[in-house]
Amino acid sequence: MSSLSSIPFPRGSDPALGLRTLVIGAGAAGSALVRDLHRAPEFGLAPVGVLDDDPAKAGREIDGIAVLGTLAQLTDLAVEHRAQVVALAIPGLPHHRVRELATAAAAAGAAVRYLPSFLAALRREVVGSDMRTLDVNRLIGRHEVHVVSPDVRAVIEGRRVLVTGAGGSIGSELCRQVHAFDPSALYMLDHDESNLHRLQLEIWGEALLTDDSLVIADIRDRPRIQQIFRDLKPEVVFHAAAHKHLPLLERHPSEAVKSNVLGTDNLVEAALDTGVERFVLISTDKAADPTSVLGASKRLAELIVQANARDARNLGTGVFSAVRFGNVLGSRGSLLSVLEEQLRSGSPVTITHPDVTRFFMTIEEAVGLVLEAGRMAEGGEVFVLDMGEPVRIVDLVHNFAEQVQLGAEDVEIRYTGLRAGEKLNEALFSEGEERLPTAHARILATVAGGSAGPEDLAGGLTGLYEAAAVNADAEVRDRLADLLPGYRAPEADPVPALSAPYPDGF
């Protein structure tokens, strides 16, 4: 395969200016978009071609960018020109055509951007008038990274794939992209039937609920999980199901253990028993040197995966790995959704501390990282996207307000103080973890290390599960500390719940 650098860039499409982009539509909107992307490289998109079904537009150029072919050729042309993004610029395109084009783009490993807004790509709903509505690069403090490659198809195509937590933000986007890589079966598991109904409607355009693709189950139910794996025999598993709200888990640590630790243990055991080829756990940067129940429970989930990865590698039965996310823009309960609601209602924007920082990524980056982890893993790795420098939440709020035409005087910020278990600054790796390069320049990895490793889990998890089963929260905290010597339960009492909507970890 030719390298990216061997493919010439059209005028205005220097790779330093952004992601290689195919624009769909050579009409007024598409032409204006090509010209605007040339004039505004801060958008992070570099046009390399245009597609349109009008024969009269074939072969013409728009601001130096050629009309390469028709919409039916999208996948082939995206692969040929190494497109990283497909921008849909045909106003009024029917929803079924948008779905078809998005599937064709995903099949080439390309992310999708929609007119009218960047935010539509993040939250899949129209909230603005054009692609200038939200400059994602300014919000996350860096250029968005194209992660997923067409090589992912070799891991997905023709295989039975199971996604847990399929109804959530990351799980549902995973399902959409996995579906585009032609698995022989896609099983979407969630305990919320309404989320599954909505997801099937979005992906297939109908939701008859009459096939095996939707699976209602609780990952904490070991016999049920074993039954599902025996019956469906998944070959690739993406494990996105989890409790993730930090302050709630500080109040209810037993529930964190039941879902995040025991649930992962149940899935890994079933995967080993049924010969799953690849298993990818979705974790969080809060698992690095954890100070919260959320972080501790997800770190234990990582250790369970790593411990079993070693056994699976020795037996030659499968590849088990994990990925860590920062905060994902556009996920349910994320900063953007809460910030938008607070600004719309005129409420003060709630931030824990004026100096609090977090790492941010887009949903496209997050899902791409999961898919690439499934492709690159050899067993036992925890993959992390290089997300540059952390972003001050105060700066992000001001950038967001400016982009939606609000002045600094229009935004009232109320500082609430760090809650129990929260860090002022997150880290992507624990102090004892070595950062290892991977085949992708912007993806790093680490393997088992630090003060607690997979070998330290023997016996300790049994007592933890027994304490959680009877909701002995104090004992659960103590056992978490025993299993993770670097973790200590916070001494501060949890603060009362806020009356206003409040984002996790900000």
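Buried here means under 20% relative accessible area, exposed over 50%, and partly exposed in between (1.4 Å probe, protein chains only). This is a predicted model, where local features need pLDDT of at least 70 and side-chain atom pairs count only at pLDDT 80 or more, while totals for chains, interfaces and linings use all residues. Residues are numbered from 1 along each chain as its sequence is written, and side-chain values use heavy atoms, with hydrogens and water left out.

On to the charged pairs: the whole structure turns up 26 salt bridges, each a side-chain nitrogen of Lys or Arg within 4 Å of a carboxyl oxygen of Asp or Glu. One of them joins R442 to D386 at 3.6 Å, N to O. The partners sit 56 residues apart, R442 in the loop between strand 20 and strand 21 (443-446) and D386 in the loop between strand 17 (382-385) and strand 18 (391-392); strands are DSSP runs of E with at least two residues, helices runs of H or I with at least four, numbered from the N terminus. R442 counts as partly exposed because its relative accessible area is 27%, and D386 does so because its value is 29%.

The pair E426 and R358 is another story, with closest N and O atoms 3.8 Å apart. Here E426 is buried at 8% relative accessible area, and R358 is buried too, at 1%.

E250 and R477 also meet in a salt bridge, at 3.6 Å, N to O. That one ties helix 10 (residues 246-251) to helix 17 (residues 473-483) across 227 residues, and both E250 and R477 are buried. Finally, D218, R220, E255 and K258 form a salt-bridge network.
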